[in-house]
2 protein chains.
Amino acid sequence: MKIAKTPTTPYYAVIFTSTSSDNQVGYEEMADKMVELAALQDGFLGIESARDEIGITVSYWKNLESIQKWKMNMEHQVARSKGKSMWYAAFKVRISKVERDYFFDKKRPNQF
Amino acid sequence: MKIAKTPTTPYYAVIFTSTSSDNQVGYEEMADKMVELAALQDGFLGIESARDEIGITVSYWKNLESIQKWKMNMEHQVARSKGKSMWYAAFKVRISKVERDYFFDKKRPNQF
């Protein structure tokens, strides 16, 4: 997992924050599969994910239409349904428009 | 760390994604201090953070002015300077406007 290389703003971010249930059987496999599948969708720009006490996954998209189409993807719907019935205790989804961004790289500190 | 209880949209999210350098001396203490200090600022709405291969911290704010004021906070500037010189190999900051959100709680699945 790396910092996503997204294009110039504006673009969209879907911020998905979750807490896990006690049952994590099959979760990792499905999560990996969904990352692979998302990457194939029109308008997908990148994804970032980290998990300790809570999980945070941020996926980046060209526009609201590409987010809506991904939400309607059949395999994704099955995964989301299993997420609700099995893997997640709670989650919040936030659809946001990235207006500005900047990057710092220690190897090139003067660009910041 | 819990899922942040944010107000109704719109509001702003600052998505901070980072990779760590080899030197993490003093990082945890400063990170905790900055979360405490951020929570005292005008317009602060909540914060979520998780870290494994990469770190993701999302802080939520009432508007762009409150984000700008937090960026200019003196103690925060010292922390950011140390972050660049010591703790981070690279990071990306994305300022985004949350347009829609929804919440799922397994204890109350029908609200979704």
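Predicted model: local features only at pLDDT ≥ 70, side-chain atom pairs only at ≥ 80, totals over all residues.
# Questions on chains A and B

Student: What percentage of the 112 residues of chain A count as buried?
Tutor: A residue is buried if 20 or more other C-beta atoms, placed from the backbone, lie within 10 Å of its own, exposed if 12 or fewer do, and partly exposed in between. The C-alpha atoms of chain A fill a box of roughly 45 × 30 × 20 Å along the principal axes. Of the 112 residues of this chain, the share that counts as buried is 24%.

Student: Which element gives the largest share of the side of chain B that touches chain A?
Tutor: With residues taken to be in contact if their C-beta atoms, placed from the backbone, lie within 7 Å, the contact takes 38 residues from each of chain B and chain A. The elements giving two or more residues to the side of chain B are β1 (11-20), β2 (44-51), β3 (55-61) and β4 (88-105) of that chain. By class, this side has 19 nonpolar residues (Ala, Val, Leu, Ile, Met, Phe, Trp, Tyr, Cys and Pro), 14 charged ones (Asp, Glu, Lys and Arg) and five polar ones, the class of the others, Gly among them. The largest share, 18 residues, comes from β4(B).

Student: How many bridges pair β4 of chain A with β4(B)?
Tutor: Two strands pair if DSSP finds at least two bridges between them. Here Arg100(A) has Ile95(B) as its bridge partner, and Phe104(A) stands opposite Phe91(B) in β4(B). The two strands run in the antiparallel sense, and the count is 15 bridges.

Student: Which are the edge strands of the eight-stranded sheet?
Tutor: The open sheet has the order β2(A)-β3(A)-β1(A)-β4(A)-β4(B)-β1(B)-β3(B)-β2(B), with antiparallel pairing. The strands that pair on one side only are β2 (44-51) of chain A and β2 of chain B.

Student: What is the bridge partner of Phe44(B) in β3(B)?
Tutor: A hairpin joins β2(B) to β3(B) through three residues, and seven bridges join these antiparallel strands. Ser49(B) has Thr57(B) as its bridge partner in β3(B), whereas the partner of Phe44(B) is Trp61(B).

Student: Why is β3(B) described as largely enclosed by the rest of the structure?
Tutor: Gly55(B), Thr57(B), Ser59(B) and Trp61(B) point one way from β3(B), while Ile56(B), Val58(B) and Tyr60(B) point the other way. The strand also pairs with β1(B) in the antiparallel sense over seven bridges, where Ala13(B) has Tyr60(B) as its partner. The strand is largely enclosed because the buried residues of β3(B) number seven of the seven.

Student: Which residues touch the most other members of the largest nonpolar core?
Tutor: A nonpolar core is a set of buried Ala, Val, Leu, Ile, Met, Phe, Trp, Tyr and Cys residues joined through C-beta atoms within 7 Å. Leaving aside neighbours within four places in sequence, Tyr12(A) is in contact with residues including Tyr60(A), Trp61(A), Leu64(A), Ile67(A), Ile95(A) and Val98(A). In the largest core, which has 26 residues, those that touch the most other members are Tyr12(A) and Tyr12(B).

Technical notes: Residues numbered from 1 in each chain as written. Chains lettered and ligands numbered in written order. Contact = placed C-beta atoms within 7 Å. Helix = DSSP H or I, 4+ residues; strand = E, 2+ residues; numbered from the N terminus.
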